[in-house]
Amino acid sequence: MFDNQEIEQGESGSTPSVPGDIPALVRRLATSIERATVGLSSAKAEVILEASELLAVTVLHVHAASVNAAEALERTSRSFDVDALTGLPNRLLFRDRCAQALAYGRRRHTRVAVLFIDLDDFKSVNDTLGHAIGDELLRHVARCLQESGREVDTVCRLGGDEFLILLSDAIDETAPVLYAEKALAALDVPLRVGDNILRIGASIGIALYPEDGQDPEALIRQSDAAMYVAKRTKSRIAHASMVPATSRTPTPATVVAQSDPIGLLERSLQESQRTVADLKASNTRLRAELESASSALQTADSGNRHQAELLHLVAHELRNAMSPLQSASDVLGLMHRDATVLPRLELILRRQIAHISRLLSDILDVSRLNNGRLAFKSEQLDLCTLVSATSQLMSGSLQHRAQSLRIASEHSPVSVEGDPSRLRHVLTTLIEYASSHMADGATLEVSVLRRARQAVVWMDYSDRHADAATHGVSPLPNSDAAVDIGSPDGPTFALFVATEFVKLHNGELTLTRDRDTALARIEICLPLVG
């Protein structure tokens, strides 16, 4: 049924022999199957084509999965060869590259250099400025070492504050020295990290193949020993030839025989401690990033809820404001029949225009409060005087409803710290709110007193809207939750603004109702001064 030549060579005559050609091979097989079904009945052809399509899709899915698995394996293998902090090759990859460079050097009779670099007083940076600053300094050192050499050279972070450099094809002894001098000059440049200016020094030991060692381990040991000579003599750069003969370790056997066991144990312990410290620092960074992300998510959710509540309150206010205007517009059509409605219509329009103007002003105040641009003039003031002056301003509104206002206050000043205009706005809003909930002819009792370290304003009245559902103590609307405080129409935006202004003064605003007596109390608590 199949044309073998077409299957093997395809239309172009090339043989797909690698996995990357599988999609092209599947397409050619599908074309061959379509050609082979030309002479068959439509039913058989349809079955064959359907089966071939299913097989082709399965093959392509398997191919894609195998490609993804191979890529994931390659990424995973690369991650084991790279230092997580600096992105440099780690000890394992360094040894592999060093072995390759030594093999090349044996064949071509060329030198290979290994440099051991240890930073000076790095521990004091971690102890005084923290691991975050220390990590940034290590990344800076890695960049300086990479920029000091060639692209073919390998810079490795051995662990902690120790680095290894592999210079392949080093022609003579001067090349490693030139590299070391260039690296030290780059490290001598002060580094600014935030408000801190860091100066870091280093000591470098140099070992050469074939003079100082025949394998990667030997060269690393000899360069390490040379680094300690540089640190001890404060010469900053030392060659393995400067290490005393009794300390030189050309072979692993003599290393074990001549080394100080206690010294080796101490070095191993120090290296283990550095590794554990690095792991702890990485874990701390990951936990901090996770907590920061979680906090940002919670802040975003809170902000979204806050915005939704604001929109709900604004829409509620605008809906109530537009309803009387619509009614007034409907009444205009009756003007030619009854001119007596004109004063009432004018009164409605004036009230609603004033209401909308105040609503827009409140919206602007909240916007300025949220972005930190709200004008706030803090001064020491007497709360008794402020309450008395505000009550006089509101007396006309209360008289319109045949209501009265009675003030009881301390004989001596009750001093608070705040913005007089913002606190007057709060008092005006709350008196208007209480008045709207009182029956005509009722009295609003306002008291100013001291309580512990707080200045307190009480507004007591009989709430004609109180019922069993509104019994108890409730916070007035705030940025955390816009609650129903007993109004038939729900919370108002003006109350929201008043609550935000009280919070701006480090105060608290609450409402208490008694279901049996219908008595209500609005309480403002502010920090007392003096």
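Which residue in β12 stands opposite Ser447? I looked this up and found Trp458.

I note that this is a predicted model, in which local features need pLDDT of at least 70, side-chain atom pairs count only at pLDDT 80 or more, and totals for chains, interfaces and linings use all residues. Residues are numbered from 1 along each chain as its sequence is written, and side-chain values use heavy atoms, with hydrogens and water left out.

**Strands.** I took strands (E, at least two residues) and helices (H or I, at least four) as DSSP runs, numbered from the N terminus. I counted two strands as paired if DSSP finds at least two bridges between them. Strand β11 (residues 443-451) runs antiparallel to β12, and seven bridges join them. The two form a hairpin with two residues between them, and Ala452 in the turn has a positive phi of about 55 degrees. I then followed β12 to strand β15 (residues 519-527), also antiparallel, with nine bridges. There, Asp460 has Arg521 of β15 as its bridge partner. In β12 (residues 454-462), seven of nine residues are buried (under 20% relative accessible area, 1.4 Å probe, protein chains only).

**Helices.** I next checked α6 (residues 131-148) against α7 (residues 174-188): they pack at about 145 degrees, with axes 9 Å apart. Axes are lines fitted to C-alpha atoms over the stretch in contact, and angles run from 0 to 180 degrees between N-to-C directions. For the contact (heavy atoms within 4.5 Å), I listed Val141, Cys144, Leu145, Glu147 and Ser148 of α6, and Tyr179, Lys182, Ala183, Ala186 and Leu187 of α7.

Conventions
Buried means under 20% relative accessible area, exposed over 50%, partly exposed in between (1.4 Å probe, protein chains only).
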